Amino acid sequence: MAIRIEHLNYIYGAGTAFEKHALRDINLDLPDGQFIGMIGHTGSGKSTLIQHLNGLLKGTSGAVYYNDKNIYEEGFEMKRLRSRVGLVFQYPEHQLFEADVFTDVCFGPKNLGLSKEETESRAYEALRLVGLKEKYYKVSPFELSGGQKRRVAIAGILAMNPEVLVLDEPTAGLDPKGRDDILDQVAKLHEEKKITVILVSHSMEDVARYVERIIVMNKGQVMFDDAPRKVFQHYKELEAIGLAAPQVTYLMHGLQERGWKVPADATTVEEAAGAIIEYLQKS
Amino acid sequence: MLRDITLGQYYPANSVLHKLDPRVKLAGTMVFIVSLFAFRSAEAYIGATLFLAAVIRISKVPLKFMLKGLKSIIFLMMLTVVFNLFLTRGTVVFRLGFLAVTEEGIETAVFMAIRLVYLIIGSSVMTLTTTPNDLTDGLEKAMRPLGKVRVPVHEIAMMMSIALRFIPILLEETDKIMKAQMARGADFESGGLIQKAKNMIPLLVPLFISAFRRANDLAMAMEARGYHGGEGRTKMKPLVYRGRDKIAYLLLLLYLVLMFLVNRIGFFAGLI
Ligand SMILES: Nc1ncnc2c1ncn2[C@@H]1O[C@H](COP(=O)(O)OP(=O)(O)OP(=O)(O)O)[C@@H](O)[C@H]1O
Ligand SMILES: [Mg+2]
């Protein structure tokens, strides 16, 4: 179930003194089952773009196709699209409202009109998938820590069984362990359920470890869209727009400059270590 | 979607009107409104039109924005016009069934419509050229004499400026929460009245929690910086009248006098 975006533009506050052209001529193909990272500087339009994927924002011009159907066409079932493309927002506080965690996670499936049994079994399944301990199921969501709240928020979307899971900065404000936990969990989800995952983030390091494709946003435009190792080749350009390639990219390029014959396109520490050891053994 | 509702729709531009002391603009709006209702003659309306046109020109705000405020009163205006048209006694011009349209009725209806439109545009000029903060500052200073009779002027002004500051923040927050819940299949549009009210719960709970948290944080931040009410408090940018403000007051006075004369003895005679 693929999403295709064609010539999408979006202007906030069109026709007022505070017009903001947030997206410019976006063209993207998001096929099934990919694990995609979306990176960009603050205000580059990432959150704006992903809200078009489930029709929460309607492009000022251009089109979005879901399974080759134009979602802006009359009679398109927007509500169904929203259950197929699950969007977890930046702040879990914006969606938690029920008296306890379990009931909150039930909200989504209940809105789909499922039976009580089906709703509850989906909620259990979702909470298990995000790795929240059972003792928290009956606790008020407002008493949880930041990382736990985020898990509940993700579970709230997962319980709707989406085919595409979009996460807007799921690691903002978490400590390194909390961050790794959540990202590992998401990667496992991708493996287990074979769903498309789009991970929005500021940090190349985070994204490089998990994703197979990176979309770099800059000033409302797609700047790069490629495999991580290809994107990181442009580390100088990335720096110019306030981003950075992972540390190992710099290390490998530095070694190359000193005459070491190592490949410069390693994206993770493990890969880089392997390449260096191989080089040292050869020489 | 919610952003379309703007309160205090300031339009940033670099004009003399933007720079004027808010008290002058408050007084100017008052003078203009008084002139609309005190002087009732075709000549006086010509004068008011010229004045308004000049002010709009000076403000550098596109006319489009001035006219936006009119949308909200279209219904009220139609109602006034219709009532005045059919319910005024006098010389009958023509009849529509049992309703009679009179000469006097047409005249009143036209004048009422003009008044309402000018009233809205006149106050829009003020809100478009003055930031909400300046406006409350101006009000506080203008109402200061009331402090002598124990009206808590400073507290009222502080509450007003905090409220004004929070309206856009809360609107934005509402927008975000609505989207987050719509992503979970929430429906804020369909259903009967009771169903609709029920559907609001997923919106209202996070909104209230966030509002309380913000209020709490703000109170804490204010106390941490030593806020203890208005007594002995000074301003970073105190309102002081400058040359242009005095000129503006003189122009306002001139406008009133001219309008008075025009209304009494006719347009051209009045101007001479
Ligand atoms: N509701 C809104 N109204 C008006 N302008 C907005 C609104 N939301 C975002 N913008 C503007 O649109 C641009 C893109 O914002 P967006 O939130 O998509 O950026 P982002 O890449 O998600 O940034 P961040 O990394 O900080 O979350 C910014 O310049 C922002 O100021
Ligand atoms: Mg964002």
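A: Two residues are in contact here when heavy atoms of theirs lie within 4.5 Å. The model is predicted.

The ligand comes first. Ligand 1 lies between chains A and B. Its surroundings comprise 15 residues, and the closest are A:Gly43, A:Gly45, A:Lys46, A:Ser47 and A:Thr48. Sorted by class, this shell holds 9 polar, 4 charged and 2 nonpolar residues.

Several side chains place polar atoms beside the ligand. For A:Lys46, a side-chain N or O atom is 2.7 Å from an oxygen atom of ligand 1. A:Gln90 has a polar side-chain atom 3.4 Å from an oxygen atom of the ligand. On its own, ligand 1 has 630 Å² of accessible area, of which the protein covers 73%. Strand E2 (20-30) and helix H1 (46-53) of chain A are the elements that give two or more residues to the shell. H1(A) gives the most, with 3 residues.

Along the sequence the order is α-α-α-α-α-β-β-α-α-α-α-α-α-α. Its radius of gyration is 24 Å, whereas a compact globule of 272 residues would have one near 19 Å. Along the principal axes, the C-alpha atoms fill a box of roughly 65 × 55 × 40 Å. Of the 272 residues in chain B, 36% are buried. Among contacts in chain B with a separation of 6 or more, 72% join residues 24 or more positions apart. The chain exposes about 16,800 Å², and carbon and sulfur atoms supply 69% of that area.

One residue of chain B can be followed in detail. B:Glu173 sits in helix H8 (residues 153-182) of chain B. Is B:Glu173 buried or exposed? B:Glu173 counts as buried because its relative accessibility is 8%, and the cut-off for buried is under 20%. Neighbours within four places in sequence aside, B:Glu173 is in contact with B:Leu207, B:Ser210 and B:Arg214, and also with A:His94 of the other chain.

Terms used. Residues are numbered from 1 along each chain as its sequence is written. Chains are lettered from A and ligands numbered from 1 in the order in which they are written. This is a predicted model: local features need pLDDT of at least 70, side-chain atom pairs count only at pLDDT 80 or more; totals for chains, interfaces and linings use all residues. Side-chain values use heavy atoms; hydrogens and water are left out. Helices (H or I, at least four residues) and strands (E, at least two) are DSSP runs, numbered from the N terminus. Buried means under 20% relative accessible area, exposed over 50%, partly exposed in between (1.4 Å probe, protein chains only). A residue is near a molecule or strand if one of its heavy atoms lies within 4 Å of it. A polar contact is a pair of N or O atoms within 3.5 Å; within protein, one must be able to donate a hydrogen and the other to accept it, and residues adjacent in sequence count only if both atoms are side-chain atoms. Accessible areas come from the Shrake-Rupley method with a 1.4 Å probe; for residues, only the protein chains shown count as cover. Ala, Val, Leu, Ile, Met, Phe, Trp, Tyr, Cys and Pro count as nonpolar, Asp, Glu, Lys and Arg as charged, and the others, Gly among them, as polar. The radius of gyration is taken over C-alpha atoms; the globule rule is 2.2 Å times the number of residues to the power 0.38.
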